[in-house]
Amino acid sequence: MKNKLEIIELISQFDPKIAKRMDLDTIIKMMEKLEEHSINDLKIDLMTQEIKNILIESLKAKKFQKKEFRMVRHNLTGYVRKEYGLVPAEYYLYLYFPFGLLLGAGIGVPLMIAVNVVFLAVFIGAGVTISIAIGSSLDNEAKKEGRVY
């Protein structure tokens, strides 16, 4: 990765609270995982160059460019996920959680209306539990395969 050292240097110049809120260390972890897998991709290099430019501009303006950064980070992580199968930690847990919530509510609301309010809580709890189990299982599988950054 061409821009890794420069990005690390730029990130170190930001307030730690901003760096944590914007999840800047995830970019570094992803770049390290790409190096570990010996992945050299021009599109990734262009996006990391764009991130570097946003960080430079943010330091000059003394105001972090959140919108631009999030857009490029989203594009970069999506591309890496689609092309190389690399995902951030707990990706599948966060992906499946809303589905479990919706599944539980979808089953619980009609039963709540027909029978008792308790069914809503029971089925939402069950849906969330199932989604956490599935998401955690897929996260563990990805971790074993070395696809988590």
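How big is the volume of the largest pocket? About 230 Å³. A volume here is the space filled by probe spheres set on grid points, with points joined across faces, edges and corners. As for the pocket itself, picture a 1 Å grid over the protein atoms alone: a pocket is an open set of points with protein on both sides within 12 Å along at least five of seven lines, while a cavity is a set of points where a 1.4 Å probe fits but cannot get out. Lining residues have an atom within 4 Å of a point.

Before going further, a word on what you're looking at. This is a predicted model, where local features need pLDDT of at least 70 and side-chain atom pairs count only at pLDDT 80 or more, while totals for chains, interfaces and linings use all residues. Residues are numbered from 1 along each chain as its sequence is written, and side-chain values use heavy atoms, leaving out hydrogens and water.

Back to the pocket. Its lining is made by His 74, Thr 77, Arg 81, Pro 88, Ala 89, Glu 90, Tyr 91, Tyr 94 and Tyr 149. Two helices, α5 (66-84) and α6 (91-114), each bring at least two residues to that lining, and α5 has the largest share, with three. (Helices are DSSP runs of H or I with at least four residues, strands are runs of E with at least two, and both are numbered from the N terminus.) By type, the lining splits into five nonpolar, two polar and two charged residues. In that count, Ala, Val, Leu, Ile, Met, Phe, Trp, Tyr, Cys and Pro are nonpolar, Asp, Glu, Lys and Arg are charged, and the others, Gly among them, are polar.

Now for the inside of the protein. The largest nonpolar core has 26 residues, and those with the most contacts inside it are Leu 24, Ile 51, Leu 55, Phe 69 and Leu 76. Helices α1, α3, α4 and α5 each give at least two residues to this core, with the largest share, six residues, coming from α3. Such a core is a set of buried Ala, Val, Leu, Ile, Met, Phe, Trp, Tyr and Cys residues joined through side-chain atoms within 4.5 Å. Buried means under 20% relative accessible area, exposed means over 50%, and partly exposed is in between (1.4 Å probe, protein chains only).

Phe 69 turns up again among the aromatic rings. The whole structure holds six aromatic pairs. The rings of Phe 64 and Phe 69 have centres 5.4 Å apart and planes at 70 degrees, so this pair is edge-to-face. For the cut-offs, rings of Phe, Tyr and Trp (its six-membered ring) pair if their centres lie within 6.5 Å, and planes under 30 degrees apart are stacked, over 60 edge-to-face, and the rest tilted.

Next come the charges. There are six salt bridges, each one a side-chain nitrogen of Lys or Arg within 4 Å of a carboxyl oxygen of Asp or Glu. In one of them Glu 32 meets Lys 4, with the closest N and O atoms 4.0 Å apart. Glu 32 sits in helix α3 (residues 24-36) and Lys 4 in helix α1 (residues 4-12), so the pair ties together parts that are 28 residues apart in sequence. Glu 32 is partly exposed at 38%, whereas Lys 4 is buried at 13%. Shared partners join Lys 4, Glu 32 and Glu 35 into one network. Another bridge runs between Lys 33 and Glu 36, with 3.3 Å between the closest N and O atoms. These two are three residues apart in helix α3, separated by about one helical turn. Lys 33 is buried at 12%, but Glu 36 is exposed at 56%.

Finally, look at two loops. Most residues other than glycine have a negative phi. Ser 38, in the loop between α3 and α4, has a positive phi near 55 degrees and is exposed at 60%. Lys 62, in the loop between α4 and α5, also has a positive phi, near 60 degrees, and is exposed at 77%.
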